Structures are given as structure tokens and as C-alpha cells.
Amino acid sequence: MDPLEALGDAFALDAPTERKRMLVIVNPYATTVSDRLRNLVVYALQGRYDVDAIDTEARDHATALCREAASEGYDVVVAFGGDGTVNEAANGLAGGETPVTCLPGGSTNVYCRMLGIPNDIVDATEHLLRIADDWRPRTVDLATVNGRGFLFSAGLGLDASVVRRVDSHPHLKARLGPYYFAYAGVTDFLRHYVVDPPRMSVEAQGQDLGDGVTVLVQNGDPYTYFRRIPLHVAEGATLDDGTLAGVVLRTSRPTVMPTVIWRIFSARARMVRHRQVDGFEACDDIVVRSVNERPIPLQVDGDYIGDVTEARFGIEPGALRVVS
């Protein structure tokens, strides 16, 4: 059966006694989103919710739409796109009572999986239909960097350089998925991190952690996925404990990187045990500065947001309501 046609089975569920108002915010340019899929998903959700749907038109549009949704009394906002769309939605709903949830429309859908929502669009839609009878919003933390909220991870250095490269070629990202990320990682490493990589100093809770070439900060685990494989980096990161965790990569020498990559993909080896990696956890105040004022790329939740010479990380405990 066509996976899209399988959405029709959702109507086997009876309508709940009280229909909640739902706004579905769709990123029409997300990797796996199409007009046909959008219409079928919305049609299926209408079996149990009072649904409105709107497409995003530009960066940060979802943030503005979510602020309007909260003021208009919607019971829930669904971000249908990739992790960037969910990030924008969270930034618009943080600090309010309206919960956010998500449907997988991107190439990786990390936060969707973290919340326990299936990564298959048919299964995820049926999941949202079923929770209409088991409505349990809960609070999770929202991490911040330079005032911008993020849900699960942020990075400065090599990983952000890779994200910047991938974001600049959306068609290759959609066509090749994680394999294009891998290609971009190798080529960016060879171009920018073998000779004279950017260096940054790191402070956590006021303690000097020294210098490094890449810093990753997490508000949850895993850091990301390679297809179905979870990639674990920092330790001690959860969505609701009010703290951040992360790692500092000291050097990007060609003799070091193969063992770093091996630990990322290993189910047993721990990244923080690598001789060129320092881990930190249980933090709520982290400052990263460029050593020589050289701008360093910054990404949040898999979206490149610019180059910076300083990044200040914090955490807002319980700032976001989610339902999953």
C-alpha cells in the first residue's frame, strides 16, 4: 500500500468528545514534505482535531506564527518540517502555555525522535491522533545561545561549518541526506581544519576549560542521527534537568580525527574518554570566545545561524510545553 494512502486508516478512530484546536505549521521546503503529503496529513488530523494549516514563507516565519497561535488560543501547535522548523516554533512558544509537538518532515528529525514520536510520517500522524484521548502536556527545558533558543544541540567550529555548507545546497541535502553531510564534513575538514583551524576558549560555570577547535553543547541525547544510528557525544544531557552538557575538541589534526569519528559511531566507546576531547556537564553558564576575534560558524538544532566571535550559552528550565 502507498504510505500516503495508509493515512486513510486513521479515520477508524472515533472523534474525541472535545476537539482541540490545532495549528499545523508546514515547511513546504522541508526534505520530505510535498503538497500531496501535506493535504493528506491535515485531512487525517481533522478526524480528531479542529485543524488549521499554514505554510512558512521565510526564515523565522514559524516563530511569528506560533506567537500569533498562542494569542489566539490554539490548544497545540504542530511543526511539520525538519528540526529547524521545530526550533522556530519553540522560540515562538517558549514561556507560554501552548504546547508544541512535531511531525517528521526533515532529513533527520532529531527532536521528533527524542520526544518519542515515530520517524515515519504515517506512524507519527497516527500517534498524534491517538494522543487526543491521552492528552498529557509536559514541560521541558529550552537551551539558549546569544538569546536564541535551541532544543537539543548547538555547535561552534567544524560541525557548524558542515551545517553551513549543507544548508547552502538544499537540493543535495534532500537528495543525499546523511551522505551529503558526511561528504561536506570531509571536504570542510580538509579545507579549513587541517591548517590554521579557528581556535576558541571555553569557560563553564566560570571555570577555564582551555582552548579548542570545536565546541558542542547539548540539551538532550543523542547529538544527532546517521540514518537510524544515534550518535552520542556529550554525557549527562537530558531534556528536563535544567542543565547543559558538552564537549571541547582540542585539535583537528589528521591523526586525531579518525579516532574521534570512530568513537562517535561506536556503540561502546565514549567520546569524553578520547585524549583530545574534554567533556563537561551539569552546567547552566557556558561562554565560548574566538581566541583571535576570527568569526566562527554557529549552528543550533542543525541550522546554521551565522558567524560569531562570542557565544554565551544558558538554559531556561521548564520554559517549553510539549505533548507527545
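Leaving aside neighbours within four places in sequence, which residues is Glu 88 in contact with? In this predicted model, the contacts of Glu 88 are Ala 58, Arg 59, Asp 60, His 61, Ala 62, Thr 63 and Arg 148. Glu 88 itself belongs to helix 3, which covers residues 83–93. Its relative accessibility is 10%. Buried means under 20%, so Glu 88 counts as buried.

One of these contacts can be described further. Along the sequence, 26 residues separate Glu 88 from Ala 62. In space, their C-alpha atoms are 5.5 Å apart. The side chain of Glu 88 also reaches the backbone nitrogen of Ala 62, at 3.2 Å.

Helix packing was examined next. Helix 1 spans residues 35–45, and helix 5 spans residues 121–130. Their axes lie 10 Å apart and form an angle of about 25°. Angles under 35 degrees count as roughly parallel, so helix 1 is roughly parallel to helix 5. The crossing of helix 1 and helix 5 is right-handed. Helix 1 contributes Leu 37, Val 41, Ala 44 and Leu 45 to the contact. Helix 5 contributes Ile 121, Thr 125, Leu 128 and Leu 129.

Strand 8 (residues 200–204) and strand 9 (residues 207–212) run antiparallel. Five bridges join them.

Conventions. Residues numbered from 1 in each chain as written. Predicted model: local features only at pLDDT ≥ 70, side-chain atom pairs only at ≥ 80, totals over all residues. Heavy atoms only, no water. Pairing = 2+ DSSP bridges. Helix = DSSP H or I, 4+ residues; strand = E, 2+ residues; numbered from the N terminus. Buried < 20%, exposed > 50% of the residue type's maximum accessible area, 1.4 Å probe, protein only. Contact = heavy atoms within 4.5 Å. Polar contact = N/O pair within 3.5 Å; in protein donor to acceptor, adjacent residues only side chain to side chain. Axes fitted to C-alpha atoms, helices over the stretch in contact; angles between N-to-C directions. Parallel < 35°, antiparallel > 145°, perpendicular 65-115°, else oblique. Left-handed = near helix turned anticlockwise from the far one by under 90°.
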